[in-house]
Amino acid sequence: MENVFYMDHPLIQHKISMLRDKRTGTNEFRKLVEEIAVLMGYEAFRDLPVEPVEIETPMETCMSPMISGKKLAVVPILRAGLGMVNGILTLVPSAKVGHIGLCRNHETHEPEEYYCKLPSPIEERTIAALDPMLATGGSAEAAVNFIKEHGGKHIKFLCIIAAPEGVERLHKAHPDVQIYCGCLDRCLNEDAYICPGLGDAGDRIFGTK
């Protein structure tokens with residue numbers, strides 16, 4: 001599918017395997033999510049626009065490329081998306097951070113909004129929406145809807161693990177959004193959890209049940 005990218009770098013795949021292990025504790029899990037976000041962000045931001053800027057080196061003055069336009073906007077989908085934020089900020093410390101709060105209705109498996117706060121002006125920024133898991137695609141679709149309703153145009157969606165159903169739904173609803181996946185898993189189970197997956201990412205990041 002156009003605009004869908006799967007990360008095949010050995011470091012990403014190795015760290016995802018460590019995430020999957022049920023013996024991986026909260027502290028290590030949290031660090032791994034952050035490290036994977038750094039590696040994925042490096043690839044996802046390959047097409048950021050640059051412009052030549054005059055720089056004075058210790059030797060002479062030269063024109064050297066720097067990222068152009070408004071700064072990046074990082075928008076985690078609460079709460080699990082928070083685990084990826086510091087990884088992206090490691091790459092782009094000046095990025096603005098917004099938040100979208102969605103919770104899943106455990107009967108319908110569809111998202112319900114409880115919070116949305118985005119940087120302004122959002123329409124001039126490249127926006128990285130973050131969620132470790134792309135399961136049914138409902139939360140991702142809703143989050144991108146909110147971003148677009150607020151004027152966002154240049155959107156990238158980064159997830160660590162995805163189910164085919166989620167990728168298909170998000171891509172169909174928003175074909176203009178670039179989707180970056182650390183790994184494509186087999187399917188969703190009857191409870192709409194990704195298999196083989198890694199369990200509930202939010203619970204494992206924050207040590208809750």
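T126 touches L48, L72, A73, H154 and K156 once residues up to four places away in sequence are set aside, a contact being heavy atoms within 4.5 Å. This is a predicted model, in which local features need pLDDT of at least 70, side-chain atom pairs count only at pLDDT 80 or more, and totals for chains, interfaces and linings use all residues. Residues are numbered from 1 along each chain as its sequence is written, and side-chain values use heavy atoms, with hydrogens and water left out.

T126 sits in strand β8, which covers residues 126-130. Helices (H or I, at least four residues) and strands (E, at least two) are DSSP runs, numbered from the N terminus. With a relative accessible area of 18%, T126 counts as buried; the cut-offs are under 20% for buried, over 50% for exposed and in between for partly exposed, using a 1.4 Å probe and protein chains only.

Another strand residue, A162, belongs to β10 (residues 154-162). A162 is buried, its relative accessible area being 0%. Beyond its neighbours within four places in sequence, A162 has contacts with L134, V167, C181, C183, L184, D185 and I194. A162 and R186 are 24 residues apart in sequence, and their C-alpha atoms are 8.8 Å apart in space.

On to the helices. Helix α4 runs over residues 138-149, 12 residues in total, and reaches 16 Å from its first C-alpha to its last. That is close to the 16 Å expected at 1.5 Å a residue, where the expected span is 1.5 Å times one less than the number of residues. Buried residues of α4 are G138, A140, A142, A143, V144, F146 and I147. After α4 comes G151, with a positive phi near 105°.

Two packed helices are described by the angle between their axes and the distance between the axes. The axes of α4 and α5 (residues 164-173) come within 8 Å and cross at roughly 25°; axes are lines fitted to C-alpha atoms, for helices over the stretch in contact, with angles running from 0 to 180 degrees between N-to-C directions. The two helices, α4 and α5, are therefore roughly parallel to each other, since angles under 35 degrees count as roughly parallel, over 145 as roughly antiparallel, 65 to 115 as roughly perpendicular and the rest as oblique. On the α4 side the contact involves G138, A140, E141 and V144, and these meet R169, L170 and A173 in α5. By class, the contact of α4 with α5 has four nonpolar, one polar and two charged residues. Here Ala, Val, Leu, Ile, Met, Phe, Trp, Tyr, Cys and Pro count as nonpolar, Asp, Glu, Lys and Arg as charged, and the others, Gly among them, as polar.

Helices α2 (residues 26-44) and α3 (residues 82-91) pack at an angle of about 45°, their axes 7 Å apart. This pair, α2 and α3, is therefore oblique. From α2 the contact takes in V33, E34, A37, V38, G41 and Y42, and from α3 it takes in G83, M84, N86, G87, I88, T90 and L91. Sorted by class, the contact of α2 with α3 has seven nonpolar, five polar and one charged residues.

L82 also lies in α3 and is partly exposed, at a relative accessible area of 34%. Neighbours within four places in sequence aside, L82 is in contact with P76, I77, H99 and F206. Along the chain L82 and I205 are 123 residues apart, yet their C-alpha atoms are separated by 9.0 Å.
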